[in-house]
Structures are given as structure tokens and as C-alpha cells.
Amino acid sequence: MTRLPGVSVAQGLAGPHNNFGLLRLVLALAVVVSHAFSVATGRIEDEPWAQTTGFTLGEHAVNGFFAISGFLVTMSYDRRGWRDYLVSRTLRIAPGLVAATLVVALGLGAAMTRLDLGAYLTDPQLRRFITGTLTTFKSASALPGVFDKNPLPFPMGTVWTLKYETLCYLGVLVGGLLGLLGRPKLALAAGGLLLVATLLREIVTPDGPKGVETALRLPLIFLAGGLIYLFRDRVPLSLPGLALGLVALALLSPTPLYKPALYLVTAWGVLVLALAPALTRRRSEPPSDLSYGVYLYGWPIQQASHALFPAAGAMTLFWPGLLVTLAIAWLSWHLVEKPALGLKRRLIASEPPPPRDPRPGPTSGAAASP
């Protein structure tokens, strides 16, 4: 595989700054913007991007999350090994999710339920909500007497993506243990098979179940991000190339090639935005990583806003809800997520194995989570 012209991803990684933290926050906020419509109406079709691109703004944002995550967690495993990888992935996902589930179930739910507090706390549905959310990332679970007048009664409608994220994490672990990260052409072949399956789905059953599309889309984008890391010396960073890719997507939109091409352009494009030297000359890292908290708490805050003010329009409730979400996300980062990530030093060896790639890059502890 010959090197393409232009600044490579590896060269972008070697720069002093990157935009991963900023992009994660922007993508999380895009999810909140998108859900302002579906929370109010119960119909994702009411979101403007769904009609023009085939996916809501929130779905595009999740695609970007998976591309960044695939890139960063593959780098994490490659540089630090499986022990650090397991600890880092667990500490990045689990504490924030556990805290959010308990806050929503025992705090927000208890405050919003139509039942009296004793009946709410002893209702078996409360226990099922907590266990279902934490064990199977079940986003369609309801709480007793909570949001049952809303178009969509689910208190934590975004956690379903964590199921795919966790499965992708396990895929990297298995691939790493089998040596596939050291044999990138085999990983590329696996990506090719997944791409072919995605294209066949668009040819044979383009209007088939959404779940099948999602089960192909998210792993493909995650794997594409991982492959870009594995071939980082040969993958270019090009803003003009990204612009041409967007034009190509517009031309392909009436064809079965559109969605597979969209997934690949998204995976490459978000990494161009993260690493292109023209965009990373100045430090852009937010002082606090609020992306995961915004993603987890945005939906329940929007649900509560709609339940309290059902006659208000989606965008009327958006700004107050966003401010509350950002405040809670800040608390989540400083009280739960950041302290949990700090436990890594106690749980892994104090001297990690030397990385196979000595060039600097973004820290693995802040890998994306949709």
C-alpha cells in the first residue's frame, strides 16, 4: 500500500495539539440538538436532517463518536497493552453510566413520578430500569409514573449506543490478543467484508429493519477509525479532499453506494477535523471533558422539560435544558468521571510497557464514548 500525498495521520498525531476533546463536545451537543425534536413529537422524521441526509443530526454525531472512538481505543491498545486497555475502557464507561442511572432513577424519577414516593421506590419497574440500563444498556425501559405522558416515555433514551460501543471495545481486545493489530492487512480485510455486507444490505433490502442497518453501520465506522490508526503513515489529512468527499456523497445519494460511502467519509472526515495541521495550530482542549455527561444527561433533562412544559415548543425548551445539562455534565466530570479515571494509576503497573509508536498523540484515557 503506497503512501498517499499530503500530511499523514501519523504526522498529525505528532503535532502538539489536536481537536479530539472539542469535537467530542460538539458531537454530544449535536445529539442534544437533534433530540429536541424527537422528545417533543416522538417522531425522528421531524428532525430536519433526517429528510435531507437519511440520518438525523444525532445519528451523524454518533457516527462521528464511533470513528473517533475506533481510532483512539485502537491506539490505546497498541500503545499500552491489554491490561491498561481493559482498565481504561471500564473506568471510562462504567462509573459515569452507573452514576447517571442512579441519578435519573432515584433523583429525577422520584421527583417527577405521579406515584407517591413509597410506591415509586418499591415498584418492581424501578429495579428493572436500573438493572436493565446497567446490564444490557436498555434505552427503552420506563420508570413507574415518569414521563408517561410524553411522546417517548423513556428516561435514558441514548444508552443503547453503549451496547455497540462495548462490543466494539471487545472486538479491539480480541483483535489485539490475536495479533491482528500487528497485521493490519487482516484487519483491513475484515473491514472490507463488513463494507461489502453494508453495501449488499443497501442493494437487497434498503428499506429493511433499522436495527440491521445500525448493527452494520456503527461497527463499520468504528473499524474504519481503527484502520485509519493502523495505516496512519499512509492515510492523508486533506481539507480539500474532505470537501471533494462531501461533493461525492451528494452525487451518490440516489444510489446504494451512498450510505457505505457516507460511513467511510465520516470516519475519515472527523479525523481530518481532529488532526489536520491547519486546524490544530492552537490548543482547543476544553478545560473539562463534558461530552459523556452531556450525552447521558441531555435526554432525561429534555424529557423532564417537556413533561413540565408540554405546550412549549422544542426550541423554546432547548436552551434552558442545555444549560442544565451542561451544569450536570460538569458535576459528572469532576465528581465521578475524572476521579474514576484517576484510579488507573492504582490499578495498573506504575511502569507501563514501552509503546510501539514513540510519537506523541492524544491521551488514551479520554477516548470517546457516544
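User: Why does Phe-147 count as buried?

Analyst: This is a predicted model, so take each value as computed from it. Phe-147 has a relative accessibility of 4%. Buried means under 20%. Phe-147 therefore counts as buried.

User: Where is Phe-147, and what is its phi?

Analyst: Phe-147 is in the loop between helix 7 and helix 8. Its phi is near 60°, a positive value in a residue other than glycine.

User: What about Phe-137: where does it lie, and is it buried or exposed?

Analyst: Phe-137 is in the loop between helix 7 (124-136) and helix 8 (160-177). Its relative accessibility is 14%. The limit for buried is under 20%, so Phe-137 counts as buried. Phe-137 is not a glycine, yet it has a positive phi of about 55°.

User: Why is Thr-113 called buried when it sits in a loop?

Analyst: The label rests on accessibility. Thr-113 comes to 12%, and buried means under 20%. So Thr-113 counts as buried, although it is found in the loop between helix 5 and helix 6 (117-122).

User: What does Thr-113 touch beyond its neighbours in sequence?

Analyst: Leaving aside residues within four places in sequence, Thr-113 is in contact with Tyr-120, Pro-144, Gly-145 and Val-146. Take Pro-144: it is 31 residues from Thr-113 in sequence, and the two C-alpha atoms are 6.8 Å apart.

User: What makes Arg-114 exposed?

Analyst: Its relative accessibility is 56%. Exposed means over 50%, so Arg-114 counts as exposed. Arg-114 is found in the loop between helix 5 and helix 6. With neighbours within four places left out, Arg-114 is in contact with Gly-145 and Asp-148. Val-73 is 41 residues from Arg-114 in sequence, and 43 Å separates their C-alpha atoms.

User: Why is Trp-49 called partly exposed?

Analyst: Trp-49 has 41% relative accessibility. Buried is under 20% and exposed is over 50%, with partly exposed in between. So Trp-49 counts as partly exposed. Trp-49 lies in helix 3 (residues 48-53). Leaving out neighbours within four places in sequence, its contacts are Gly-54, Phe-55, Thr-56, Leu-57 and His-60.

User: And Pro-287: what is its label, and why?

Analyst: Exposed. Pro-287 has 85% relative accessibility, and the cut-off for exposed is over 50%. Pro-287 lies in the loop between helix 12 (258-275) and helix 13. Its C-alpha is 9.9 Å from that of Leu-22, 265 residues away along the chain.

User: How do you know that Gln-302 is buried?

Analyst: Its relative accessible area is 10%. Buried means under 20%, so Gln-302 is buried. Gln-302 lies in helix 13. Not counting residues up to four places away in sequence, Gln-302 touches Val-32, His-35, Ala-36, Val-39 and Phe-318.

User: Which residues line the largest cavity?

Analyst: Gln-302 is one of them. The lining divides into 5 nonpolar, 3 polar and no charged residues.

User: Where is the kink in helix 14, and what is its angle?

Analyst: The kink is centred on Trp-333 and is about 45°. Helix 14 spans residues 314-342. Trp-333 is one of the buried residues of helix 14, as are Leu-317 and Phe-318.

User: What do the buried residues of helix 14 pack against?

Analyst: They pack against helix 2 (20-41), helix 5 (82-112), helix 13 (291-308) and helix 15 (344-347).

User: Which members of the largest nonpolar core touch the most others?

Analyst: That core has 94 residues. Phe-20, Phe-66, Phe-71, Leu-143, Leu-162, Leu-275 and Leu-296 touch the most other members. Leu-296 is in contact with Gly-96, Leu-97, Ala-100, Thr-158, Val-159 and Leu-162, leaving aside neighbours within four places in sequence.

Notes: Residues are numbered from 1 along each chain as its sequence is written. This is a predicted model: local features need pLDDT of at least 70, side-chain atom pairs count only at pLDDT 80 or more; totals for chains, interfaces and linings use all residues. Side-chain values use heavy atoms; hydrogens and water are left out. The bend at a residue is the angle between axes fitted to the seven residues ending there and the seven starting there. Helices (H or I, at least four residues) and strands (E, at least two) are DSSP runs, numbered from the N terminus. Buried means under 20% relative accessible area, exposed over 50%, partly exposed in between (1.4 Å probe, protein chains only). Contact means heavy atoms within 4.5 Å. A nonpolar core is a set of buried Ala, Val, Leu, Ile, Met, Phe, Trp, Tyr and Cys residues joined through side-chain atoms within 4.5 Å. On a 1 Å grid over the protein atoms alone, a cavity is a set of points where a 1.4 Å probe fits but cannot get out, and a pocket is an open set with protein on both sides within 12 Å along at least five of seven lines; lining residues have an atom within 4 Å of a point. Ala, Val, Leu, Ile, Met, Phe, Trp, Tyr, Cys and Pro count as nonpolar, Asp, Glu, Lys and Arg as charged, and the others, Gly among them, as polar.
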